[in-house]
Amino acid sequence: MSSPDFAHPLVPPRKLAAPNRWDLVAFPLIFAVLVLLATAAKGTFAPLETMQATPISLDPWVLPGYALRTVLRMLAALAASLLFTLTYGTLAAKSKRAEVILIPILDVLQSVPILGYISFTVVFFMNLFPGSTLGAELASIFAVFTSQAWNMAFSFYQSLRTIPHDLDEASRAFRFSSWQRFWRLEAPFAVPGLVWNMMMSMSGGWFFVVASEAISVGDNRITLPGIGSYVAMAIEQQNLGAIGWALGAMTVVILLYDQLMFRPLVVWADHFRFEQSAAQTTPHSWFLTVLQRARLLQGAARPLSAAMRRILRAPVLNWDIPGPIVTEVSGKGRFFDRLWVVFVVAMALGAAALIVRYVAASLSWADVFTAFRLGFYTLLRVAVMIVLSSLIWVPVGVLIGLRPRLAEKIQPLAQFLAAFPANLLFPFAVIMIVRFHLNPDIWLSLLMIIGTQWYILFNVIAGATAFPTDFLEAAENFQIHGWQWWRKVILPGIFPYFVTGALTASGGSWNASIVAESVSWGQTQLTAHGLGAYIADQTVAADYPRIVLGIAVMSLYVIFFNRVLWRRLYAYGERRLRLD
């Protein structure tokens, strides 16, 4: 695994005084982006009455401003998701006691519907900033955060758990402090997978933009200006032309942030691949090239870079580890581990008792059996869709990940397809099912995976991208081809990444079942038998005991499915499939 040498400037100091032609490109682009973001941010502090007095317009000329507001919310949510990932994922991966409680919580969080978060958080943020648009903006950002954070945290957790043993032993031999170990080994090793999951999170957030920009507080409805509210208005008015304009604006926005943000990140992440020989082909980014060759920009960035290096090298963060390296857990440590497990189980049983008491006050055992039966139907749909998606996207992801030039061309298309709001396909699904008299229990299942199958593709691409080139060269030298190459070389290499993608796709499918198992267009309503439709129907009826029951049963299924299948696959990957 190599990394760029940040200690040396890219341009000799004597040449930094005079700008070059690259500065003429870099500075206008950077200032234009900053001005646009500042313009969009200015509206977030306006009085709430001013925002409500301006209704959402379907005029195409307002889309650039709406797009800026939406992208600003998604970038803010992405920044919060990254901070959450670096703390939550690290704690879960490095502490056995924390892992016992944090990973099941993460399983539950990714299965809870986004509407469940909004209903509890909107009032909090609105009361935090009364009379200001900022409260509604923070509620919207938090809703998008819940669609971005979980897969990033799982990816970072998986990377930290599968660090090669020789790198781990080297860091211990050099007696790195925890701070040094994190920034010099763990974070760099996790960068390739994390960057691709950040792309997936950014694209996946588009699906929830519609729900997050149209917020209901009691009898009041707050609609924030953005592409999501524009799409919601177009669907409500059945305006296909406006939907087309919204898709066009989304395409332009995705291409822009792909070229200005994610493409440079992919090129930068390529420096952290774990390998002992140089890659034959490397990714490229015109924007990163411009930034690296702009003299004035490098000169302006040098003081900030030096300050960051001083902070990271501060003695308070890099104290030496005294005494010998401890590799075994003492008997006292094992006792506290067991005590912690008992405490966690007691807390879980206490929470379960509260839920049972609340549900039992209004419902009977028949309602519970109904919820579990419907949950089993949804479980079958999720399992079948994950298998089908894996058969399709694993080979495609490997093909893209092993060819950086192809990945450079496919990346914007993959981001657009992953960002495509699946609810725009619901009218076509209803029309086709009714026209050809199809079974909703079967064909509505496809809608569950449309927005979540991309987790598998993006994680497989990340795994193939991070796969060491020297391993591929060794396989070529030993004439390993065909099915043997897949079975002995690439599938074991990408396995931990695939498990992360399949796990997050599974959780996303459970979440998506709430909107996919009950769809409508005009007066036509189609419903499939499943827990998602059950929760959606009870939400419309405002039957809170059954809503709580449905979400609790869904969480139990997700935890059970993850513990029985995905956690065991995680453990197998940690034991047998490290890049050692």
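Analyst: Below we take a few features one at a time. Keep in mind that this is a predicted model.

User: Fine. How do I describe two packed helices, and at what angle do H19 and H21 cross?

Analyst: In general, two packed helices are described by the angle between their axes and the distance between the axes. Here, the axes of H19 (residues 454-466) and H21 (residues 482-516) cross at roughly 165° and come within 8 Å. Angles over 145 degrees count as roughly antiparallel, so H19 is roughly antiparallel to H21. The crossing of H19 past H21 is right-handed.

User: Which residues of H19 and H21 make the contact?

Analyst: On the H19 side you'll find Tyr455, Ile456, Asn459, Val460, Ala462, Gly463, Ala464 and Ala466. H21 brings Ile494, Tyr497, Phe498, Thr500, Gly501, Ala502, Thr504 and Ala505. Sorted by type, the residues of this H19 and H21 contact are 11 nonpolar, five polar and no charged.

User: And what about H3 and H9: how do their axes cross?

Analyst: Read them the same way. The axes of H3 (residues 63-94) and H9 (residues 227-236) come within 7 Å, with a crossing angle of roughly 125°. That makes H3 oblique to H9. Leu63, Tyr66, Ala67 and Thr70 are the H3 residues in the contact, and they meet Ile227, Gly228 and Tyr230 of H9. By type, the H3 and H9 contact has five nonpolar residues, two polar and no charged.

User: Next, backbone angles. What is the phi of His437?

Analyst: His437 isn't one, yet its phi is positive, near 55°. You'll find His437 in the loop between H16 (426-435) and H17 (440-443). Gln479 is another non-glycine with a positive phi, about 60°, and it sits in the loop between H20 (469-477) and H21.

User: Are His437 and Gln479 buried or exposed?

Analyst: Exposed means over 50% relative accessible area. His437 has 73% relative accessibility, so it counts as exposed. Gln479 is exposed as well, with a relative accessible area of 55%.

User: Now the other end of that scale: why does Gln110 count as buried?

Analyst: The cut-off for buried is under 20%. Gln110 has 6% relative accessibility, so it counts as buried. Its place is in helix H4 (residues 96-111).

Conventions:
Residues numbered from 1 in each chain as written. Predicted model: local features only at pLDDT ≥ 70, side-chain atom pairs only at ≥ 80, totals over all residues. Heavy atoms only, no water. Axes fitted to C-alpha atoms, helices over the stretch in contact; angles between N-to-C directions. Helix = DSSP H or I, 4+ residues; strand = E, 2+ residues; numbered from the N terminus. Parallel < 35°, antiparallel > 145°, perpendicular 65-115°, else oblique. Left-handed = near helix turned anticlockwise from the far one by under 90°. Contact = heavy atoms within 4.5 Å. Nonpolar A, V, L, I, M, F, W, Y, C, P; charged D, E, K, R; others polar. Buried < 20%, exposed > 50% of the residue type's maximum accessible area, 1.4 Å probe, protein only.
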